[in-house]
Amino acid sequence: MQADQSLCLKTSNHTQVVTVNGIPASRTGEVFHMHDQDYGFVCRNKDQANGICQNYKVRFLCGKPGKAKYLHMGTEVDGVDMRAEVGVLSRNIVIMGEMEDHCYGDNACKFFEFDTVGGHIKMGVGFKAAHIEGVELKHMGQQSMGHYPIHFHMTGDLDEKGGYNPPTYVKGISIHESFSRCVTIHGSNGLLVKDVIGYKTLGHCFFTEDGPEERNTFDHCLGLLVKAGTLLPSDRDSKMCRSITEGVYPGYIPKPRQDCK
């Protein structure tokens with residue numbers, strides 16, 4: 001495996017090689033065709049006494065080897081797993097909303113300086129089939145009800161019970177810089193949402209809307225950097241809670257700690 005200098009923009013990279021069991025390559029006693037901090041690692045079966053190399057893990061690291069600037073807890077401490085979740089946002093296929101360079105019109109500009117009117121994918125009653133997999137969604141969703149990056153709206157049973165074979169699913173996608181949630185399930189049952197990454201969105205990321213939705217599975221999903229949105233009291237921050245009072249009873253005084261968040 002040859003080191004790619006483009007991996008590091010400002011400093012040279014180097015490699016770290018261990019077996020899958022965590023033994024450093026230098027302690028295995030094997031013969032390497034190449035084992036260089038700057039140029040990479042190559043182990044050839046024909047060079048080994050037993051005719052086969054062990055399985056290795058190769059990490060490409062940027063900067064000079066040494067002590068990290070900040071403390072990193074990449075292990076288990078007192079039974080608590082302190083290792084950070086890591087999610088890859090990029091995909092080969094990108095579905096992206098076309099955005100203006102500023103907020104405009106009646107689009108919650110009181111709270112956001114940027115455009116919040118992105119694209120959205122919506123499945124309604126009687127759709128033929130939906131299997132969304134391996135794509136990247138960016139600049140999707142809107143700060144208005146019913147417009148989310150991925151939205152199953154009153155679609156009933158989405159598995160074999162509803163006649164969908166194979167069952168409906170959303171798998172292996174990333175949703176980031178969204179303007180309203182990530183995946184919304186409303187009046188729909190039996191949906192599989194698996195290996196989905198949601199990053200930097202407004203309002204609840206993974207959302208079942210009314211409560212009676214059944215048999216929906218969120219498996220190995222990751223939601224990060226969820227920020228306040230305007231749609232529901234539970235989405236809002238204190239400023240939004242005090243300002244958005246449409247439809248409330250006369251004399252109502254918002255209590256953000258109680259009514260929102």
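Cys109 is partly exposed, with a relative accessible area of 31%; buried means under 20%, exposed over 50%, and partly exposed in between, using a 1.4 Å probe and protein chains only. Its partner is Cys103, to which a disulfide joins it with an S to S distance of 2.0 Å. A disulfide here is a pair of cysteine sulfur atoms within 2.5 Å. Cys103 is buried, with a relative accessible area of 11%. The torsion about the S-S bond of Cys103 and Cys109 is about -90°, so this disulfide is left-handed.

The model is predicted, so local features need pLDDT of at least 70 and side-chain atom pairs count only at pLDDT 80 or more, while totals for chains, interfaces and linings use all residues. Residues are numbered from 1 along each chain as its sequence is written, and side-chain values use heavy atoms, leaving out hydrogens and water.

The structure holds four disulfides. One of them joins Cys182 and Cys205, with sulfur atoms 2.1 Å apart. This pair links distant parts of the chain, 23 residues apart: Cys182 lies in the loop between strand S13 (174–176) and S14, and Cys205 in the loop between strand S16 (197–202) and strand S17 (206–208). Both Cys182 and Cys205 are buried, and their link is left-handed, with -95° about the S-S bond. Another disulfide joins Cys43 to Cys53, S to S 2.1 Å. The link of Cys43 and Cys53 is left-handed too, at -95°. Cys53 counts as buried, at 13% relative accessibility.

Cys221 counts as partly exposed, at 26% relative accessibility.

Next comes the chain as a whole. The chain has two helices and 19 strands; these are DSSP runs numbered from the N terminus, helices being H or I with at least four residues and strands being E with at least two. The radius of gyration of the chain is 25 Å, whereas a compact globule of 261 residues would have one near 18 Å. That radius is taken over C-alpha atoms, and the globule rule is 2.2 Å times the number of residues to the power 0.38. Along the principal axes, the C-alpha atoms fill a box of roughly 85 × 50 × 45 Å. Buried residues make up 34% of the 261 residues.

In soluble globular proteins, nonpolar side chains tend to be buried together. A nonpolar core is a set of buried Ala, Val, Leu, Ile, Met, Phe, Trp, Tyr and Cys residues joined through side-chain atoms within 4.5 Å. The largest such core has 21 residues, of which Met123, Phe127, Ile150, Phe152, Ile173 and Ile175 touch the most other members. Strand S10 (135–138), strand S11 (150–157) and strand S14 (183–189) are the elements that give two or more residues to this core. Leaving aside neighbours within four places in sequence, Phe127 is in contact (heavy atoms within 4.5 Å) with residues including Phe152 and Tyr164.

The last stop is Asp259, found in helix H2 (residues 256–259). Asp259 is partly exposed, with a relative accessible area of 24%. The C-alpha atoms of Asp259 and Pro233 are separated by 6.6 Å, although these residues are 26 apart along the chain.
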